[in-house]
Amino acid sequence: MTTYGDSLDFLYARTTGAWKLGLERVSAFLDLIGNPHRELVTLHVAGTNGKGSVCAGLEAVLRAEGLKVGKYTSPHLVDFRERFLVNGAPVPADQIVEFVARWTPDVERLGATFFEATTAMAFEFFRQAAVDVAVIETGLGGRLDATNVITPLVAGVTNIGIDHVEYLGDTKELIAAEKAGIFKRGVPAVIGEVDAEVAALLRQLALAAGSGPVTLAYASGGPTDVRVTQAGTRFSYAGHAWELPLIGAHQAANGAMTLAMLNALPDR
């Protein structure tokens, strides 16, 4: 009998070797399992730093509005199941075991990577859970990241730093082009970059992709009156006062990005 541990061993075995970017394998695999991502309402977040906090903020607000929310992030801290949350709860272990047992031959035949397999799992788990909305964090970059098969309600890039240069390029301009790859025609784009020059580049890339409207979270100066206490971080943004249970001045920037993405949601 396949166990949860056996399933994780199979998945982790697919982490060896060089990172393989591209959408061909994940698209082929998703097609086999019924393209669950096409049945989901999603929000997509990329960026060098802060995307995990932004995803957590989006999840919290949407759940507070009474929606059933899925959240896919990586990496996990303790348990693999942390990557797939439905209303804050990890998916059951037996659901992972069932998925791996059912689709192992196809994963191997297609040569799908660890992240490609887990991304497909996330979409299928969220479809099965019938979530109202799924918050999806990119793994690496954006343009060729396995999560970039979705067409979200809003796509956001938090900021650009020098990371994973062997895959994304060794300048902010090259990395920005990769992360901006999640921007899509007709989809609102939100940019959380503080540096005006890089933010302008991201805006240009979003417009070139046909995104619209394009929002710069820092266009009006970003969060102000930032105060960090033992209880969290307080700041003002868009004419209102906000408080987060997270400590650090940088959390105000993440909070502003979260609010900008929520404000960019189209009426439904």
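Buried, throughout this passage, means under 20% relative accessible area, exposed means over 50%, and partly exposed covers what is in between (1.4 Å probe, protein chains only). The model is a predicted one, so local features need pLDDT of at least 70 and side-chain atom pairs count only at pLDDT 80 or more, while totals for chains, interfaces and linings use all residues. Residues are numbered from 1 along each chain as its sequence is written, and side-chain values use heavy atoms, with hydrogens and water left out.

Thr118 is part of helix H5; helices (H or I, at least four residues) and strands (E, at least two) are DSSP runs, numbered from the N terminus. Leaving aside neighbours within four places in sequence, Thr118 is in contact with Tyr72, Phe80 and Phe84, where contact means heavy atoms within 4.5 Å. A polar atom of the Thr118 side chain also lies 3.1 Å from the backbone oxygen of Phe115. As for Arg83, 35 residues away from Thr118 along the chain, the two C-alpha atoms are separated by 8.6 Å.

Phe80 leads on to the core. A nonpolar core here is a set of buried Ala, Val, Leu, Ile, Met, Phe, Trp, Tyr and Cys residues joined through side-chain atoms within 4.5 Å. The largest one holds 35 residues, and those touching the most other members are Leu11, Phe80, Phe84, Ile96, Met121 and Phe126. At least two residues of this core come from each of helix H1 (4-12), helix H2 (24-32), strand E3 (84-86), helix H4 (93-110), helix H5 (114-129) and strand E5 (133-137). H5 gives the most, with 10 residues. Apart from this core lies another, of 23 residues, including Val135, Leu259, Ala260 and Leu262. In soluble globular proteins, nonpolar side chains tend to be buried together.

Helix H2 has a buried side of its own. Arg25, Val26, Phe29 and Leu30 are buried in H2, and they cover an arc of only 130° around the axis, which puts them on the same side of the helix. The arc is that of the directions from the helix axis to the C-beta atoms. An α-helix has 3.6 residues a turn, so residues three or four places apart point the same way. H4 and H5 are included in what covers the buried residues of H2, whereas the face turned away from the buried side carries the exposed residues Glu24 and Asp31. Just after H2, Gly34 takes a positive phi of about 100°.

Lys71, found in strand E2 (residues 69-72), counts as buried at 10% relative accessibility. Its side chain makes a polar contact with the side chain of Glu59 (3.3 Å). A polar contact is a pair of N or O atoms within 3.5 Å; within protein, one must be able to donate a hydrogen and the other to accept it, and residues adjacent in sequence count only if both atoms are side-chain atoms. Leaving aside neighbours within four places in sequence, the contacts of Lys71 are Cys55, Ala56, Glu59, Arg83, Phe84, Leu85, Phe126 and Val135.

Some backbone details turn up in the loops. Most residues other than glycine have a negative phi, and most peptide bonds are trans. A cis peptide bond joins Ser74 and Pro75, with omega about -5°, and Pro75 sits in the loop between E2 and E3. Another cis peptide bond joins Gly212 and Pro213, with omega about -5°; Pro213 lies in the loop between helix H8 (196-208) and strand E8 (214-216). Asn87 is not a glycine, yet has a positive phi of about 50°. Asn87 belongs to the loop between E3 and strand E4 (89-90) and is partly exposed, with a relative accessible area of 33%. Ala130 has a positive phi near 55°; this residue is in the loop between H5 and E5 and is exposed, with a relative accessible area of 52%.

Stepping back to the whole protein chain, there are 9 helices and 11 strands. Of its 268 residues, 50% count as buried.
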